[in-house]
Amino acid sequence: SLNPLNDINIACRAVETVEDVYSSDLATYIVRKPYGGNETMEYSFPQKAGDSMDNCKVSWHQPVKTYLKTAKVQEEASIEVISRVEADNSVLLLHGSSCR
């Protein structure tokens, strides 16, 4: 069967249309988009009361150029995710095999 996401043009358009921030009562999740969807090395969470700006910034695992070359929607372990836990504001960076 033919997978449309194997076509880089279709995959890029699909990634552009999908939301990259998800929230629940437990946490906020940010999915680093492949194919140029997020071309910075840092993500800044919205500042909450009592937070310093430094507490709101998180660096992604891979450099931008590396991520753009290696991240693919077909390979879940190639996608990076940052999560901020509501209970204690701790931050988790998921990448590689930690995604499984």
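User: What's the strand order in the open sheet of four strands?

Analyst: The order is β1-β2-β5-β6, with antiparallel pairing. Strands here are DSSP E runs of at least two residues, helices are H or I runs of at least four, and both are numbered from the N terminus. Two strands pair if DSSP finds at least two bridges between them. Heads up: this is a predicted model, where local features need pLDDT of at least 70, side-chain atom pairs count only at pLDDT 80 or more, and totals for chains, interfaces and linings use all residues. Residues are numbered from 1 along each chain as its sequence is written, and side-chain values use heavy atoms, leaving out hydrogens and water.

User: Which strands stand at the edges?

Analyst: β1 (21–23) and β6 (91–94). Each has a single partner strand, so one side of each is left without a neighbour in the sheet.

User: How many bridges join β5 and β6?

Analyst: Four, in the antiparallel sense, with β5 covering residues 81–85. Serine 83 has leucine 92 in β6 as its bridge partner.

User: Where is asparagine 89, then?

Analyst: Asparagine 89 sits in the loop between β5 and β6. Its phi is near 60°, a positive value in a residue other than glycine. Most residues other than glycine have a negative phi.

User: Asparagine 89: what's its relative accessible area?

Analyst: It's 31%, so asparagine 89 counts as partly exposed. Buried means under 20%, exposed over 50%, and partly exposed in between (1.4 Å probe, protein chains only).

User: Switching topic: what does serine 59 touch?

Analyst: Leaving aside residues up to four places away in sequence, serine 59 touches Met41, Glu42 and Leu93. Contact means heavy atoms within 4.5 Å. Serine 59 lies in strand β4 (residues 57–59), and the C-alpha atoms of serine 59 and methionine 41 are separated by 5.6 Å, though these residues are 18 apart along the chain. Serine 59 is partly exposed too, at 41% relative accessible area.

User: What lies over the face of tyrosine 67?

Analyst: Arginine 32, at 4.2 Å from the ring centre. The test for a charge over a ring is NZ of Lys or CZ of Arg within 6 Å of the ring centre and within 35 degrees of the ring normal.
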